[in-house]
Amino acid sequence: MISAFPTAQMKQPNSEPMYRETDFGVIPAAWDYAELGPLLAELRNGLTTSQQKEQGAFAVTRIETISQDRINPAKVGYVNGLTHSQIETYSLRAGDILFSHINSDPQIGRSVVFEGEPPGLLHGM
């Protein structure tokens, strides 16, 4: 844990500190930070509907879809019978950030940027 190190003693060879204290803890000195609110177009949960593991009309993310810092297409679920509005609302677009905030401790905080693959993927829960 970074905070276990005395920051005054953590210096680069040129005597500049490697870490700095912020309102929310110690971070690397070279990092910048900002509140998420102004940076987000929107923040929402995914589609909550009954999913199946077999092929269906639409592939949808599950908690386990975020695997090893990438989207694992082998771990998606499938849904049928969605409205046009649901498809529009939950379709992932390149650049969307998926962030796991539920389930078990090892899953919380996992995140990945959707890069457009697999195409047609919906944001689920």
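Is Glu42 buried or exposed? In this structure, which is a predicted model in which local features need pLDDT of at least 70 and side-chain atom pairs count only at pLDDT 80 or more, totals for chains, interfaces and linings use all residues. Residues are numbered from 1 along each chain as its sequence is written, and side-chain values use heavy atoms, with hydrogens and water left out.

Glu42 is exposed, its relative accessible area being 52%, where exposed denotes over 50% relative accessible area, buried under 20%, and partly exposed the range in between (1.4 Å probe, protein chains only). Glu42 takes part in a salt bridge with Arg44, in which the closest N and O atoms are 2.6 Å apart; a salt bridge is here a side-chain nitrogen of Lys or Arg within 4 Å of a carboxyl oxygen of Asp or Glu. Arg44 itself is partly exposed, at 35%. The structure holds two salt bridges, and Arg62 and Glu64 also meet in one, at 2.6 Å from N to O. Arg62 is partly exposed with a relative accessible area of 21%, and Glu64 is partly exposed at 30%.

Backbone features were examined as well. Gln68 is found in the loop between β4 (66-67) and β5 (70-71), strands being DSSP runs of E with at least two residues and helices runs of H or I with at least four, numbered from the N terminus. The phi of Gln68 is near 55 degrees, a positive value in a residue other than glycine, and Gln68 is exposed at 66%. Asp69, which lies in the loop between β4 and β5, has a positive phi near 60 degrees and is exposed at 69%. The peptide bond from Glu117 to Pro118 is cis, with omega near -5 degrees, and Pro118 is placed in the segment after β8 (111-113).
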